[in-house]
Amino acid sequence: LALALPNVNVGVLGHIDSGKTALARALSTTGSTAAFDRAPQSRARGITLDLGFSCLRTALPPQLGPGPGELQFTLVDCPGHASLIRTIIGGAQIIDLMMLVIDVTKGMQTQSAECLVIGQIACQKMVVVLNKIDLLPEGKRQSAIEKMTKKMQKTLENTKFSGCPIVAVAAKPGGPEAPESENPLGVSELIEVLKSQAYLPSRDPSGHFLMAVDHCFSIKGQGTVMTGTILSGSVSLGDNVEIPALKVTKKVKSMQMFHTPVTYAMQGDRVGVCVTQFDPKLLERGLICTPDSLHTIHAAIISLKKIQYFRGALQTKAKFHITVGHETVMGRVMFFSPAPADFNEEIQENVFDFEKDYLYQEEYLSKDSVSSEENKENDQAGEVQLPKQQWALLEFEKPVTCPKLCLVIGSKLDTDIHANTCRLAFHGVLLQGMEDKNYTETFLPKLKVYKQKHKEGQVERVMDDYSVIGRSLFKKETNIQIFVGLKVKLSTGEDGIIDGGFGQSGKFKIRIPDGLKPDTKMLLTAASKKKSKGGKGDVTKEDESSKNDSAQPVTISLIFKRYVFDTQKKMIQS
């Protein structure tokens, strides 16, 4: 029967010292009399499989089915920031409902904002708890609560949790030193709200088994127990599971859920898995999985979105802390977008198309990003045109082991925790991992990311009706041979082809297959006549006189693209 109990995982999140643990304790004591100490003998043997987890049982709320019956809430207390990122993002929790705990005397703080961000990525529903109302003077308490409630509603307005319930409580009136006899305020109301928000999460037993282990310990005569949450798939007695970090495979000898032996567990369940001949010291936390279902990668292509609260641009070549699967490593990023013609193409979920061309970006394009030259051309109104989807190439400082498709978060964790800014920069999905250590040679050339190049020069003089001499397009030392055959356009409208160098100073000859227009010819002849009047003096004079020219110089523009990972650095024109 223990198995049939519907279970909802509730993540308890909040800024440091907002009173998360006290709240979890108040809830589980108020809510469940027997659940806490069901099995004294197992506690004596030290198998508390629910470390950092407590559970609360209530009558089944009407929306979950007709009644009598119980609903179990597993409260997951997510401590400080680093482990918060690890537990939630690392997917160590499948969290169905989030409780964001706010100190009513302080309001939103750095980590509360970060929790909100993580909640939006990882979770569907939220309840906000304003804690520590006992610290507000009684006469002003109600108005202070109302004021903070309004403030929170405003903060949540543009998030997916807009309009979520906000409940005021005092989990531990008088603070940690107060006697246990002090009754919490508002906790039974909070339990009613939790019940109203409960839904039966959809779980999926198919797919590879993957479990995030958060504790590992040995029991004399039994073996080593790994406890954690199943992120995907299912596991049965006798299955082989791999500990990928150690490249070890073990057989499941026994399993428990909340002190009850079971033979099967699936996605979303909290379970203890017992294996033999394995030293628990080797794995404090980490992943276990179906053998060979994870890969170890050195770089990855991800699709991503910037997190709105992150201040500042996301720059190509910048380093971020990248959380993938269960690990956080340093990585360098390179952003790229669809080619401008594909900006409005529909988003492809969970796949990456290597056939397409992509445009290199100096930074992630967002409303605040400076419109780059290429985008200005597509766009007359001055609004930056944003693509529907953007990607990044991540290169890790050390290899990471993770599932094939998993959540990725980029953050700047070295930012001061007390500086009131959100340190989470972007989130995305891993689309393609690169397992080969030499991926720069073996893999990156397949990635067709290009830079658009635009060079400008000027027509120096006319040679004949079908050719002109140009200057200022190349540096002196440039090998003009590689540009021979590329198409150029004159500002007067003619199309030309670079024919070769002319002299030693970086000048070059352009062939105009359709011939120069009479007007262009007049313009250029007039300009060069003026020049020659200025005397055949030294070059500086010639430059000065051409600056004062009333005749507009005829410019030459050369546009081509070059693929970032093309070893031959070919120049391509459409």
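Predicted model: local features only at pLDDT ≥ 70, side-chain atom pairs only at ≥ 80, totals over all residues.

Author: At 55% relative accessibility, Lys-569 counts as exposed, because the cut-off for exposed is over 50%. Lys-569 belongs to the segment after β29 (555–563), and its phi is near 50 degrees, a positive value in a residue other than glycine. Gln-277 also has a positive phi, of about 50 degrees, although it is not a glycine. Gln-277 is in the loop between β15 (270–275) and β16 (286–289) and is exposed, with a relative accessible area of 74%.

Now the rings. Searching the whole structure gives 15 aromatic pairs. In one of them, the ring centres of Phe-352 and Trp-391 are 5.9 Å apart and the planes are at 80 degrees; the pair is edge-to-face because that angle is over 60 degrees. Distant parts of the chain are linked by this pair: Phe-352 is in the loop between β19 (327–338) and β20 (358–361), while Trp-391 is in strand β21 (residues 390–402), 39 residues apart. Phe-352 has a relative accessible area of 12% and is buried; Trp-391, at 7% relative accessibility, counts as buried too.

A further pair joins Phe-474 and Phe-508, with ring centres 5.2 Å apart and planes at 70 degrees, so this pair is edge-to-face. Phe-474 is in the loop between β25 (467–471) and β26 (487–490), and Phe-508 is in strand β28 (residues 507–511), so parts 34 residues apart in sequence are tied together. Both Phe-474 and Phe-508 are buried.

Phe-352 and Trp-391 also belong to a cluster linked by ring pairs, together with Phe-336, Phe-354, Tyr-358 and Phe-443. Charged groups meet rings elsewhere. The charged end of Lys-412 sits over the ring of Phe-320, 4.5 Å from the ring centre, and that of Lys-561 sits over the ring of Tyr-450, 4.3 Å from its centre.

Strand β21, which holds Trp-391, pairs with β17 in the antiparallel sense over 9 bridges. Thr-296 stands opposite Thr-401 in β21. β17 also pairs with strand β23 (residues 424–434), again in the antiparallel sense, over 8 bridges, and Lys-305 stands opposite His-427 in β23. Strand β17 (residues 295–306) is mostly covered, with 10 of its 12 residues buried.

The nonpolar cores come next. The largest has 26 residues, and Leu-23, Leu-27, Phe-73, Met-99, Val-127, Leu-190 and Leu-194 have the most contacts inside it. Among the elements that each supply at least two residues of this core are β1 (7–14), α1 (20–31), β3 (70–77) and α6 (187–197). The element that gives the most is α6, with 5 residues. Leaving aside neighbours within four places in sequence, Leu-27 is in contact with Leu-56, Leu-75, Met-99, Val-187, Leu-190, Ile-191 and Leu-194. A second, separate core of 24 residues includes Phe-310, Val-324, Tyr-364 and Val-400.

Last is helix α5 (residues 138–156). At 1.5 Å a residue, its 19 residues should span 27 Å, and the end C-alpha atoms are 27 Å apart, which agrees. Arg-141, Ile-145, Met-148, Thr-149, Met-152 and Leu-156 are buried in α5. An α-helix has 3.6 residues a turn, so residues three or four places apart point the same way.

Definitions and conventions
Residues numbered from 1 in each chain as written. Heavy atoms only, no water. Phe/Tyr/Trp six-rings, centres within 6.5 Å; stacked < 30°, edge-to-face > 60°. Helix = DSSP H or I, 4+ residues; strand = E, 2+ residues; numbered from the N terminus. Buried < 20%, exposed > 50% of the residue type's maximum accessible area, 1.4 Å probe, protein only. Lys NZ or Arg CZ within 6 Å of the ring centre and 35° of its normal. Expected span 1.5 Å × (residues − 1). Core = buried A, V, L, I, M, F, W, Y, C linked by side-chain atoms within 4.5 Å. Contact = heavy atoms within 4.5 Å. Pairing = 2+ DSSP bridges.
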